[in-house]
Amino acid sequence: MECERIVPRLSAHLDGELDQVEERAVHRHLSGDGEAGAGSAGCERCAARLYTLRAAREAMRGARPGPSDRGLGRVWERIHREREGAAPAPVVRLPPPPSPPQSWRRPGARRRATAGLAAGLAAAALLAAVLLAPRLEREGADAPETGVPPAVAPALPATSADDIPPACLRPEECGADAPVLWPAVPI
Amino acid sequence: MVSAPDELGRAPVGEVAAEVPAAVPAEAAGDEELAAAVSGDAARGRRAEAAFAELFRRYRERVYLFVRWRMAPAGPTPDDVEEITQEVFFQLYRSLAAYRGRSSFRTWLYGLAHNVCRHQRRRRGRRRRFERPQDALGPEAWTEVPDLAPGALDRMESGELRRRVHRRVSELAPIYREVLVLRDWEDLSYAEIAEVLAIPVGTVRSRLFQARARLAAALVDDGAEAGAEEEIDGV
């Protein structure tokens, strides 16, 4: 009865992979200590099983193939082919590589897009200031007090991102040269 | 300070050197050191190539058999097995840049090989959700270990014993072959095998027992056969 419980554990016992409680149980069974009193014989049947399992393990270990570089040349060929620009093969079990740059996402494209948007906004602000100036001049005396200073249009629209200073939403806190991206004027 | 590799050529896990010291030839370096040399050399220069070639040399045959036995249910030709083995090493070279030494190199290599095999089987349209143990020694769970007469295997010449072991292992179901390879050839712990195969540690334990009991039964037959031949020769 005890053997039924021990036999499936013999292989892990060989590998030293049992926990302490199991290891003690197997050891007791094989050596006889603590089963039928100290000095009693261990289970010979399980000792024979253990011998067989150990022999199988050693035979397997002895059959481990030796080193070889057969086929290395073909692996190098493939590696070099890929390096030289052939289409990359899919990678197994790796996080996906960074997506290759696409035409609309070339390095710097984002910066250029920001610059374009800012330039457009600045041009719209300039146009609005020019068109509304006469009206504002006419109605200036009747305009309600808003606490918002009059619009300051940029002198020149920026043409590139590098030319555009940070947007100024509160002109009173920015320098005199800082552009305002839209006129904060009640219309 | 790079720790000396153990008798299996492995550097201690977690002590991956940034690169192989120039004075250490690739053959003497541990697996983890070689892996770090391949991954650490951004230009993949000569030292990285020497390190990769050494890793290939060490593991090529074992990975080849692992692939052959793992792919057996899909019925691959020897050319298929060769091609998949090369795919494993090709992917290894490409992916070593991601290796950080958190697990042992062997665990990592066989995890990769396992996944390449799975990928190839899917690609070849021979997908099987479950592999049933359909080996030549019977599909039922074994609870008995046969008796092996002392010295029975010693009668066989070492080359002959090796051939018989390979043949007998190839007759086992894939689930038994792979645990035998990972444990007895690669010396992975049960926890590492569980990680590679994505199965519980308890399953590793029971499969290894089953695998060894079956292999032992086959070798008992072979031992008896060799003994009989010896007697005939003696007469």
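User: What counts as a contact here?

Analyst: Contact means heavy atoms within 4.5 Å. Keep that cut-off in hand. This is a predicted model.

User: Which residues does Ser68(A) contact, leaving aside its neighbours within four places in sequence?

Analyst: Phe56(B), Arg57(B), Arg60(B) and Glu61(B). Each of these partners lies in chain B.

User: Where in chain A is Ser68(A) found?

Analyst: Look in the loop between α4 (44-62) and α5 (72-83) of chain A. From there, the side chain of Ser68(A) reaches the backbone nitrogen of Arg70(A) at 3.1 Å.

User: Is Ser68(A) buried or exposed?

Analyst: Buried means under 20% relative accessible area. Ser68(A) has 15% relative accessibility, so it counts as buried.

User: How do I read chain A as a whole?

Analyst: Start with its elements. Chain A has six helices and zero strands. Then turn to burial. Of its 187 residues, 26% count as buried. Next, take the contacts in chain A between residues at least 6 apart in sequence: 52% of them join residues at least 24 apart. Last comes the surface. Chain A has an accessible surface of about 12,600 Å², and carbon and sulfur atoms hold 58% of it.

User: Now a helix. How do I read the pattern of residues along one?

Analyst: An α-helix has 3.6 residues a turn, so residues three or four places apart point the same way. Now take helix α5 of chain B, residues 158-171. Its buried residues are Gly159(B), Leu161(B), Arg164(B), Val165(B), His166(B), Arg168(B) and Val169(B).

User: What distance does α5(B) reach from its first C-alpha to its last?

Analyst: The 14 residues of α5(B) reach 20 Å, close to the 20 Å expected at 1.5 Å a residue.

User: What happens at the start of α5(B)?

Analyst: There, a side-chain oxygen of Glu157(B) comes to within 3.1 Å of the backbone nitrogen of Gly159(B).

User: How should I treat parts with low pLDDT?

Analyst: Where pLDDT is low, the predicted coordinates should not be read in detail. Chain B averages a pLDDT of 79, and 74% of its residues score at least 70. Over residues 1-21 of chain B the pLDDT is below 50, though the model gives this stretch 51 contacts beyond near neighbours in sequence. Residues 129-139 of chain B also stay under 50, with 23 contacts beyond four places in sequence.

User: Which elements of chain B have the lowest and the highest mean pLDDT?

Analyst: Helix α8 (residues 201-234) of chain B has the lowest, at 80. Helix α7 (residues 190-197) of chain B has the highest, at 95.

User: Which scores does the model as a whole get?

Analyst: The model scores ipTM 0.76 and pTM 0.64.

How values were computed: Residues numbered from 1 in each chain as written. Chains lettered and ligands numbered in written order. Heavy atoms only, no water. pLDDT = per-residue confidence, 0-100. Helix = DSSP H or I, 4+ residues; strand = E, 2+ residues; numbered from the N terminus. Expected span 1.5 Å × (residues − 1). Buried < 20%, exposed > 50% of the residue type's maximum accessible area, 1.4 Å probe, protein only. Polar contact = N/O pair within 3.5 Å; in protein donor to acceptor, adjacent residues only side chain to side chain. Areas by Shrake-Rupley, 256 points an atom, 1.4 Å probe, with all protein chains shown as cover.
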